[in-house]
Amino acid sequence: MNYDELEGWSAKVAAWGSEYLQGLRHQPIRPQVAPGAVAAQVPPSPPEHAENMEVIFADFQRLIPSAMTHWQHPRFFAYFPSNAAPASIMAEQVANYMSAQCMLWQTSPAATELETVMIDWLRQALGLPDGWRGVLQDTATSATLSAVLTMREKALAWRGLREGLSGMPRMRIYASAQTHSSIDKAVRLAGIGQDNLVKVPTDANYAMRADALQRAIDEDRAAGFLPVGVIGCIGGTSIGASDRLDGILAIAQQESLYSHVDAAWAGSAMICPEFREIWCGIERADSVVFNPHKWLGANFDCSVQFLKQPADQVRTLAIRPQYLETLETDQITNYSEWTIPLGRRFRALKLWFLLRAYGLEGLRTRIRNHVAWTNEAAQAIAKAVPLEIVTAPRLGLFTFRYAPAGADPDLATRALLEAINSDGRTYLTQTTHEGRFVIRMSVGHFETTRADVLDAVAIICELADKLRLD
Ligand SMILES: *Cc1c(COP(=O)(O)O)cnc(C)c1O
């Protein structure tokens, strides 16, 4: 295939893509596919000779879409949404044609400068303080690892980078048990060790208790540990729990601990001023991550890390070999010095297209609708005996279980979840909450409608009734 065929094929692919997306509502969300079935249909060795794009694309159409889980399905209520608004898909396509490496200003002036402006647009959109800066990362996992490395190095006066960690004091990081596993992973990979991630007890609302945080820090200091940072949780993955940031970040500041807030999912909702109460105190944080690639509509991958003082993270992550030296370093930003990978995609373009094509009002309306429909869905489920709400809606997420009289509710709920997911009209996933198996319903697909949400509730009730009769 050559450049001269690109135009024709791009048009064919666009036609396929638009038909695919518009037809999804009537398709099952998850494929009926046995493990290994797809691999068995792909030749085990690569071709020696060029194949025709006609044949390649026909194989794609035959083998792949029917064996995918359709994340852009409007009745996808599993995990968290991973939206791809049409304008964002287009921007990604444009970036794809240019395929630039956006590591330095010099390698991508427009991408670098657009990134700076988009970070500032989002800073304003979320109501974060003037003067904060930030960087686009691939995922929240990378942003959190960057923040944990920065906590570590700041506390060691940047000696760990040169000397390694052996002989250094045993470090401690504090977070609640509601935080995402990416925090555990970051603490492991940063050489701090899982055992030094202190899971601070939570209150009745699953927020970290400030008094317990203070006590843990005091006890650790007395025992000779080196506290290095606090990680706040806003919209945890399990049930959407949030810490009370004002209290715990005030302690972090008094104790001179670096702080990072994981708002990967819930951060998008902060474009609506009425929801910002959940992260009251955010201005005390040193680092905040949120994923426009979840709820906002930028397609994966697009994670924003805001930084109060980027210098600490840059000092931790920047490395400047001769072959990356550039001139005029004072007037420019080389974003690869802010992140772990050197190579970087042109991600700012999809934010630019997204924010302009829908406007903040258009994006707010979607999020407000999702939150309102989540409340409606939870009310309907609460009325449908023997379904029970386990955790009330937090933004677009609630959990419930199925507890028919005389049955083990964990087993019954598991059976209901299996029935829902093999039915295929909607898709939900589970979590464990206080030792109980519960089903999560997470509303936030860009194209979902009130009818989709209520249809999903009707399907859940129908399948629960059917299980009861069987
Ligand atoms: C999804 C999620 C993550 C992980 O996000 P990635 O971008 O996939 O690394 C981390 N924290 C929370 C709260 C999340 O919802």
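Select alanine 252 to begin, and you will find this residue in helix α9, where helices (H or I, at least four residues) and strands (E, at least two) are DSSP runs numbered from the N terminus. Alanine 252 counts as buried because its relative accessibility is 1%; buried means under 20% relative accessible area, exposed over 50%, and partly exposed in between, with a 1.4 Å probe and protein chains only. Leaving out residues up to four places away in sequence, alanine 252 touches Val230, Leu257 and Ser259, contact meaning heavy atoms within 4.5 Å. If you also select cysteine 233, which is 19 residues apart from alanine 252 along the chain, the two C-alpha atoms are separated by 14 Å.

Before going on, keep in mind that this is a predicted model, in which local features need pLDDT of at least 70 and side-chain atom pairs count only at pLDDT 80 or more, while totals for chains, interfaces and linings use all residues. Residues are numbered from 1 along each chain as its sequence is written, and side-chain values use heavy atoms, with hydrogens and water left out.

Next, select the ligand. It is surrounded by 14 residues, and the closest are Ala140, Thr141, Asp262, Asn291 and Lys294; a residue belongs here if one of its heavy atoms lies within 4 Å of the molecule. Helices α5 (140–155) and α10 (292–296) each supply at least two residues of this shell. The shell residues divide into four nonpolar, eight polar and two charged, where Ala, Val, Leu, Ile, Met, Phe, Trp, Tyr, Cys and Pro count as nonpolar, Asp, Glu, Lys and Arg as charged, and the others, Gly among them, as polar.

Which side chain places a polar atom 2.6 Å from a nitrogen atom of the ligand? Select aspartate 262, whose polar side-chain atom lies at that distance, 2.6 Å.

Turn now to the charged pairs. The structure holds 28 salt bridges, a salt bridge being a side-chain nitrogen of Lys or Arg within 4 Å of a carboxyl oxygen of Asp or Glu. Select lysine 350 and glutamate 92, whose side chains meet in one of them at 3.0 Å, N to O. Lysine 350 lies in helix α12 (residues 348–383) and glutamate 92 in helix α3 (residues 86–98), so this pair ties together parts that are 258 residues apart in sequence. Both lysine 350 and glutamate 92 are buried.

While Asp301 is selected, look at its backbone: a cis peptide bond, with omega about 5 degrees, joins phenylalanine 300 and aspartate 301, and aspartate 301 lies in the loop between α10 and β7. Another cis peptide bond runs from valine 385 to proline 386, with omega near 0 degrees. Most residues other than glycine have a negative phi, and most peptide bonds are trans.

Tyrosine 79, in the loop between α2 (53–63) and α3, has a positive phi of about 40 degrees although it is not a glycine. With a relative accessible area of 41%, tyrosine 79 is partly exposed. From here, select threonine 429, whose side chain reaches the backbone nitrogen of tyrosine 79 at 2.8 Å. Threonine 429 is in strand β10 (residues 429–433) and is buried, with a relative accessible area of 7%.

For the last stop, select helix α11 (residues 310–317): is it largely enclosed or exposed? Six of its eight residues are buried, so the helix is largely enclosed by the rest of the structure. Those buried residues are Pro310, Asp312, Gln313, Val314, Thr316 and Leu317, and they pack against β1 (133–137), α5, α6 (160–163), β5 and β7 (303–307).

Methods
Polar contact = N/O pair within 3.5 Å; in protein donor to acceptor, adjacent residues only side chain to side chain.
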